[in-house]
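The following note is intended for a colleague who is meeting this structure for the first time. Please read the numbered points with the sequence and the model at hand.

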Amino acid sequence: WLKFYEFVVMATVSDAHRAKFVEAGQGHVLKFLDALEGDAAAQLAQQINEIDPQAVNESLAGAEAELQGAAKDAQVDPPTPESTATLGTMTPENTAAWERRGLEAIASGLVVACVLGGGQGSRLGYDGPKGMFQLGLPSNKTLFQLFAERVLKLQSLAAANADVKPMPFVVMTSPGNHSTTVDFFKSNGFFGLKEEQVDFFPQGTIPSLYSDGKIMMQSASCIATNPDGNGGFYPALHKSGVLDKLIARGAKYMHVFAVDNILARPADPRFVGFCLDRNADCGNKVCWKRSPDEAVGVVAMRNGKPSVVEYSELDEARKNLRDSNGQLVYGAGNICNHFYTLEFIRDVVIPNFTSMFHLARKKIQCINENGEQVTPTEPNGIKLESFIFDVFPLSARMSILECKREEEFSPVKNMTGSDSPETARTMLSAMHGSWVKAAGGTVEDGATIEVAPSTSYGGEGLEAVVGGKTFSAVAMI
């Protein structure tokens, strides 16, 4: 894959690197390079220098092996009871203990919050990173601002009983929106965070391939590439140097979440404390499916190992299977909300990552071996991608925490209808209204409530602010 974080342009390719391409059976790329001059030659040389052709071959081999039937013949079982817990059924003492432990780890500088912010807002009618999209909240805050301010508030909560170190906040961007995202944070003063505690790195891309596995040429001076999926988070974190930087700072744990979930709680101390209590190397926060037909992947055991089983992979019997309480047995819906030890990422995930790719045959604009443009009418190439949950089977001690959807999951994916800015605003207002009521305030029907992260991270500390007060219309607290 391409290392977009290395910006030194080299106009030539060394003999040693040329030999790697020839040995990997990818020497055809050099033929195009040798026919070029000037800027065109420099552009292609830069791409070639940033590609490990053997890693590309290994990624394809792993994807082909996965496609050949391992998943089709797999034994799928529900998660083991000892690996799961449900926030709604835990005693207040249990939850408080997890939260204390999580806050202690945060105060000690051991926890990193990371948002997967590479997605574009195209489906929302917005030409820019989704994290910069204004959702129509009373405060006009963006997703990036909400998350940064929640990190800031969490630091203050962690500092209540200890000297606190600034919590690292990491943003994964895409190659196309990296500079835009960095500039957005800089122009807004990092939303109160210190500049040195915020790191950015772009998600990677990987060469697209001809049907025979050869690296595809988009033009005579450009290799065709495609994003490597949100699973590219792991190699990008590593190759950017951010992983080593975090470990050198003394960080040990990372909470990773999707940018489009307005209710996401960065470095949720309850979740962190739960995972530490279980000695988990990997953790996953889930919401139980509303119905068998909800098209979402679920956490399950595949051949005895934790995995996310896609909706399309479950047969009708498993989709509809319920336990004695009427709950779906295969209902642990994946919401892209994960915990990892940095040691697990560094020592287990990174060395095994080339086996994590999936293969998709696509129609891809390219040139043929003679340099002639090809406009395909049927699939002519291969795109490789990986998913962030593909590493779950590598975990030796995975733990799963079920949370309440109304408190923790409201994605913003569509312009209108379900999973839209409107539904996200409604859910955020409902949750904040419940906080106000629990703290002794009154919320009139139809009121829109927005509690600033600086006021409360998760509903705490509101009694003195809202107790005995009535809120109507639009209220920003």
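1. Basis of the note. This is a predicted model, in which local features need pLDDT of at least 70 and side-chain atom pairs count only at pLDDT 80 or more, while totals for chains, interfaces and linings use all residues. Residues are numbered from 1 along each chain as its sequence is written, and side-chain values use heavy atoms, with hydrogens and water left out.

2. Strand S20. Helices (H or I, at least four residues) and strands (E, at least two) are DSSP runs, numbered from the N terminus. Buried means under 20% relative accessible area, exposed over 50%, and partly exposed in between, with a 1.4 Å probe and protein chains only. Strand S20 spans residues 398-402, and five of its five residues are buried, so the strand is largely enclosed by the rest of the structure. Both of its faces are covered: Met-398, Ile-400 and Glu-402 are buried on one side, as are Ser-399 and Leu-401 on the other.

3. Partners of S20. Two strands pair if DSSP finds at least two bridges between them. Strand S2 (residues 84-86) pairs with S20 in the parallel sense over three bridges, and Thr-84 stands opposite Ile-400. Strand S12 (residues 282-288) also pairs with S20 in the parallel sense, over five bridges. Here Ser-399 in S20 is the bridge partner of Gly-283.

4. An open sheet. Three strands form an open sheet in the order S7-S19-S16, with antiparallel pairing. Strand S7 (209-210) and strand S16 (358-362) stand at the edges with a single partner strand each, so one side of each is left without a neighbour in the sheet. Two bridges join S7 to strand S19 (residues 381-385), and Tyr-210 stands opposite Gly-381 in S19.

5. Helices H5 and H6. Two packed helices are described by the angle between their axes and the distance between the axes. Axes are lines fitted to C-alpha atoms, for helices over the stretch in contact, and angles run from 0 to 180 degrees between N-to-C directions. The axes of helix H5 (residues 92-107) and helix H6 (residues 143-158) come within 9 Å and cross at roughly 100°. That makes H5 roughly perpendicular to H6; angles under 35 degrees count as roughly parallel, over 145 as roughly antiparallel, 65 to 115 as roughly perpendicular and the rest as oblique. Leu-103, Ile-106 and Ala-107 in H5 meet Leu-154, Leu-157 and Ala-158 in H6, where contact means heavy atoms within 4.5 Å. By class, the contact of H5 with H6 has six nonpolar, no polar and no charged residues. Ala, Val, Leu, Ile, Met, Phe, Trp, Tyr, Cys and Pro count as nonpolar, Asp, Glu, Lys and Arg as charged, and the others, Gly among them, as polar.

6. Salt bridges. A salt bridge is a side-chain nitrogen of Lys or Arg within 4 Å of a carboxyl oxygen of Asp or Glu, and by this rule the count comes to 16. One of them joins Asp-34 to Arg-18, with the closest N and O atoms 2.7 Å apart. Asp-34 lies in helix H2 (residues 28-34) and Arg-18 in helix H1 (residues 15-23), so the pair ties together parts that are 16 residues apart in sequence. Asp-34 counts as exposed at 52% relative accessibility, whereas Arg-18 counts as partly exposed at 22%.

7. A network of salt bridges links Asp-268, Arg-270, Lys-285 and Glu-408.

8. The loop between H13 and H14. Val-412 is found in the loop between helix H13 (405-408) and helix H14 (421-438), and counts as buried at 0% relative accessibility. Beyond residues up to four places away in sequence, Val-412 touches several others, among them Leu-124, Lys-130 and Asp-260. Asp-260 also meets Lys-413 in a salt bridge (2.8 Å, N to O). Lys-413 lies in the loop between H13 and H14 and Asp-260 in the loop between strand S11 (253-258) and helix H10 (269-277), so the pair ties together parts that are 153 residues apart in sequence.
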